[in-house]
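Here is a short report on a single protein chain.

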Amino acid sequence: MNRRHLLAGLAALPLAAVHGAARAQAWAPDKPIRLIVGFAAGGSTDLTARLVAQALGERLGQPVVVENRPGAAGNIAAEATARAAPDGLTIHLVTSGVMAANKALYRSLPFDPLKDFAPIGQVAFIPNLIVVNPEVPVRSTAELIAYARARPGQVNFGSAGAGTSLHMAASLFAARAGVEMVHIPYRGGAPAATDLIAGKIQMIASPMIEVLGAVKAGQLRPIAVTTKQRSPALPEVPTVAETLPGFEVALWNGLVAPAGTPQAAIQRLSAELLAALRDETVRQKLAEQGSEPAPNTPEQFADFIRAELPRWAEIVKISGASAD
């Protein structure tokens, strides 16, 4: 994540949004819009999608209906979006996993992240939070590493599925720490968190949105965030990099439509997404989830995705993870 590029993009947004809104006046949806999500209800992507759906629906004058299609680390939903009619009535909340990591994780994909989608705009950056069940006797990254080293192959970490951001973050952590842990894939982050609270697994590296409530309720113990900087949502929780220098897994999400969607539709959707991300209520709700709004234009989002592909390929390589 290059914050200088992000800030430069934000500086250019007001004028771009005005021009985009003007070009988009010719397009308005005449039916409800489908917002496809590649993960189970209750997870981080789903919760963000429902917040975005409500905000967009209010601005577009049509309901935006969330459709969950979990499985294959988001690939099933991405394929459905790529094959949907390019009429502006199908959009997809993609993740860094679907658009960047999966290209390196899978030998083949049923879609091309650069060719099969029309970027609309980024929504947010999301820190991963490493959490453990309170019965696990560790309170820091160093203690977690020592605990895992003393129990090779006995510490289980959950994920939202093979190849998801939770899988990547925990696998990279294990590789960098030099410990052997067992991956337990679920069909979403919410069921993984539920089993962690129940003590069926010992750890997850979850998007903060999925576990923040459980942390505040004392059901889970936070160990570290995976971003370079500490999160404003939990400023007392250190970064992994404070113990393992250079460690970073920065997640993100955004909206895309099928390739070939008319530019008038893309520009209207982009303009309304930008307006939603400037709304103080939406920004506050994202902040409460631990997410950082990251508005940009379709062109800036396309450039960002291209830059993320090699970065995530390197993360996959270092982690040693695979999903085939």
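Gln289 is buried, with a relative accessible area of 16%. Buried means under 20% relative accessible area, exposed means over 50%, and partly exposed is in between (1.4 Å probe, protein chains only). Gln289 sits in the loop between helix H11 (280-288) and strand E10 (292-293). Helices (H or I, at least four residues) and strands (E, at least two) are DSSP runs, numbered from the N terminus. Leaving aside residues up to four places away in sequence, Gln289 touches Thr48, Met208, Ile209 and Leu212. A contact here means heavy atoms within 4.5 Å.

The model is predicted: local features need pLDDT of at least 70, side-chain atom pairs count only at pLDDT 80 or more, and totals for chains, interfaces and linings use all residues. Residues are numbered from 1 along each chain as its sequence is written, and side-chain values use heavy atoms, with hydrogens and water left out.

**The loop between E2 and H4**

Gly71, Ala72 and Ala73 are taken together here. This loop runs between strand E2 (64-68) and H4.

| Residue | Relative accessible area | State |
|---|---|---|
| Gly71 | 16% | buried |
| Ala72 | 38% | partly exposed |
| Ala73 | 6% | buried |

Which backbone angle of Ala72 is positive? Phi of Ala72 is near 55°, in a residue other than glycine. Phi of Ala73 is also near 55°, again a positive value in a non-glycine residue. Gly71 touches Gly38, Ile76 and Arg187, not counting residues up to four places away in sequence. Gly71 and Ile201 are 130 residues apart in sequence; their C-alpha atoms are 21 Å apart in space.

**Helix H5 and the cores**

Eight of the 10 residues of H5 are buried, so this helix is largely enclosed by the rest of the structure. Those buried residues are Ser96, Gly97, Val98, Met99, Ala100, Ala101, Asn102 and Leu105. They pack against helix H4 (75-83), strand E3 (90-95), E4, H7, E9 and H12.

In soluble globular proteins, nonpolar side chains tend to be buried together. A nonpolar core is a set of buried Ala, Val, Leu, Ile, Met, Phe, Trp, Tyr and Cys residues joined through side-chain atoms within 4.5 Å. The largest such core has 53 residues, and Phe173, Met181, Trp252 and Trp312 touch the most other members. Elements giving two or more residues to this core include helix H5 (96-105), strand E4 (117-132), helix H7 (165-177), strand E9 (250-258) and helix H12 (298-319). Another core, of 30 residues, lies apart from it; among its members are Val37, Leu56, Val66 and Leu286.

**The whole protein**

The protein has 12 helices and 10 strands. Buried residues make up 58% of its 324 residues. Among contacts between residues at least 6 apart in sequence, 80% join residues at least 24 apart.

How does the radius of gyration fit a compact globule, and what is its value? With 324 residues, such a globule would have a radius near 20 Å; the protein has 19 Å, which agrees. That radius is taken over C-alpha atoms, and the globule rule is 2.2 Å times the number of residues to the power 0.38. Along its principal axes, the C-alpha trace spans about 65 × 40 × 35 Å.

The accessible surface comes to about 12900 Å², of which 53% belongs to carbon and sulfur atoms. Areas come from the Shrake-Rupley method with a 1.4 Å probe.
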